[in-house]
Amino acid sequence: QPLLLGIDNLAKIADGKLCIKGSVDMQLSYPVKSPEEVKAEAEELAFKLGIKRNGGFIAFVYKWERLNIPVENVLASLEGFNKYRTHFTIDKKS
C-alpha cells in the first residue's frame, strides 16, 4: 500500500538504502481508480522509487480476483511501469 505511507515518503526513507518491490495500491487504486489514474500512479512509483533514485524499485503487477481488480487497470499499471523500463547489458570483456 504505497499510498498509505506516501510515495514521496517511501522515496525519502529508502533513498540509497534499500530496494522496494511494490505495486500500485491494491486497496485505494487498483479496484476503484480509472485506468489513466492507475497508469499515472505506476509511472510515479517507477520514477520516484526507481529512476530518480538511480534504481532500487522492482515493479510488481497484481491480478487478484478477490479484489475485483479490472483487467484494464492491471494493463494500465503494466503500461505505466514499462514507461521507465530499462535494459542492462553485461560487459563480457571484464
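In this predicted model, α3 passes α4 in a right-handed crossing. The axes of α3 and helix α4, residues 71-82, come within 7 Å and cross at roughly 35°. On the α3 side, the residues that meet α4 are P35, V38, K39, A42, E43, L45 and A46. Their partners in α4 are E72, N73, A76, S77, E79, G80 and F81. By class, the contact of α3 with α4 comprises seven nonpolar, three polar and four charged residues.

**The chain as a whole**

The secondary structure consists of four helices and two strands, arranged along the sequence in the pattern α-α-β-α-β-α. The chain has 94 residues, of which 34% are buried. Among contacts between residues at least 6 apart in sequence, 68% join residues at least 24 apart.

**The packing of α2 against α3**

Helix α3 also meets α2: the axes of α2 and α3 come within 9 Å and cross at roughly 20°. Angles under 35 degrees count as roughly parallel, and α2 and α3 are therefore roughly parallel to each other. Their crossing is right-handed. From α2, the contact involves I7, D8, L10 and A11; from α3, it involves E41, E44, L45, K48 and L49. This contact of α2 with α3 contains five nonpolar and four charged residues, but no polar ones.

| Helix pair | Axes come within | Crossing angle | Residues of the contact by class |
|---|---|---|---|
| α2 and α3 | 9 Å | roughly 20° | five nonpolar, no polar, four charged |
| α3 and α4 | 7 Å | roughly 35° | seven nonpolar, three polar, four charged |

**The two sides of α2**

Which residues of helix α2 are buried? In this helix, which spans residues 7-14, they are I7, L10, A11 and A14. These residues cover an arc of only 100° around the axis, which means that they lie on the same side of α2. An α-helix has 3.6 residues a turn, so residues three or four places apart point the same way. On the other side of α2, K12 and I13 are exposed. The elements that cover the buried residues of α2 include α1 (2-5), β1 (20-22) and α3 (35-51). After α2 comes G16, which has a positive phi, near 75°.

**Two loop residues**

S29 is found in the loop between β1 and α3. Is S29 buried or exposed? S29 counts as buried because its relative accessibility is 0%, and buried means under 20%. Leaving aside residues up to four places away in sequence, S29 touches L3, V24, V38, E41 and N73. Of these, E41 is also one of the α3 residues in the contact with α2, while V38 of α3 and N73 of α4 belong to the contact between those two helices.

G56 lies in the loop between α3 and β2, the latter being residues 57-59. With a relative accessible area of 22%, G56 is partly exposed. Not counting residues up to four places away in sequence, G56 touches L18, C19, I20 and L49. Among them, L49 is one of the α3 residues that contact α2. G56 and K17 are 39 residues apart in sequence, and their C-alpha atoms are 8.7 Å apart in space.

Key:
Residues numbered from 1 in each chain as written. Predicted model: local features only at pLDDT ≥ 70, side-chain atom pairs only at ≥ 80, totals over all residues. Heavy atoms only, no water. Buried < 20%, exposed > 50% of the residue type's maximum accessible area, 1.4 Å probe, protein only. Arc of directions from axis to C-beta. Contact = heavy atoms within 4.5 Å. Axes fitted to C-alpha atoms, helices over the stretch in contact; angles between N-to-C directions. Parallel < 35°, antiparallel > 145°, perpendicular 65-115°, else oblique. Left-handed = near helix turned anticlockwise from the far one by under 90°. Nonpolar A, V, L, I, M, F, W, Y, C, P; charged D, E, K, R; others polar.
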